[in-house]
Amino acid sequence: MTTGAQTPLPPARPKRSRLRTFLPLGVAAWFVLEIWLLTLVAGATSGLVVFLVLLAGLVLGSVVIKRAGRRAFRKLSEALQQQQSGVMPDAAHPGSEGNGLMMLGGLLLIIPGLASDAVGLLLLLPPVQKAVSRSAERTFERKLSQARPGTLGDAFQQARMHQPDGKVVQGEVIRDEPGDAAQPPRPPLTY
């Protein structure tokens, strides 16, 4: 039985971002490149050489990540000790930057493949680390300057408003803090 009312259309899907479109294609192209390079080297030498190269990348990557992690932990403990003694820790220690890039380089060395090993080795070089960190800092500052004013809580609130999950729980927050006077009960929330 029809009542003549039109059925509502489903909401329009939001437009896919470029990152969501091209990231899977980039990852697939990276895998194809890695496999092609490994088969090329295996054809020119032998499978044992490829295995040894991959094993060397695994060991070197593990050593790099362990070293960068120890250095980061040491810097953190020094900063905490300085803070506990009442001295403000220095924001910029010489040689303290680049731990994240060293860990990323070590991770790329651990991932099997020759192209990832080459990029990982490049990230271990200090001039490359400085160039990458400067570029990332400029990009971050540019994106931050383009952002609308507001707090981080506002951003979460806006994200929730623009893409609701359809579930609304009516309620009221009542804080019972020591020293507060007792408040009378409030009427229930209604639409």
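Which residues does Glu34 touch, not counting residues up to four places away in sequence?

What you see is a predicted model, where local features need pLDDT of at least 70, side-chain atom pairs count only at pLDDT 80 or more, and totals for chains, interfaces and linings use all residues. Residues are numbered from 1 along each chain as its sequence is written, and side-chain values use heavy atoms, with hydrogens and water left out.

Okay, the overall picture. The chain has six helices and zero strands; helices here are DSSP runs of H or I with at least four residues, strands are E runs with at least two, and both are numbered from the N terminus. Of the 191 residues, 12% are buried, meaning under 20% relative accessible area, with exposed over 50% and partly exposed in between, using a 1.4 Å probe and protein chains only.

Back to Glu34. You'll find Glu34 in helix H1, residues 18-44. Glu34 touches Pro112, Gly113, Leu114, Ala115 and Ser116, where a contact means heavy atoms within 4.5 Å. One polar atom of the Glu34 side chain lies 3.1 Å from the backbone nitrogen of Ala115. So is Glu34 buried or exposed? Glu34 counts as buried because its relative accessible area is 4%.

Now look at Val59, over in helix H2, residues 47-84. Val59 counts as partly exposed, because its relative accessibility is 48%.

Definitions and conventions
Polar contact = N/O pair within 3.5 Å; in protein donor to acceptor, adjacent residues only side chain to side chain.
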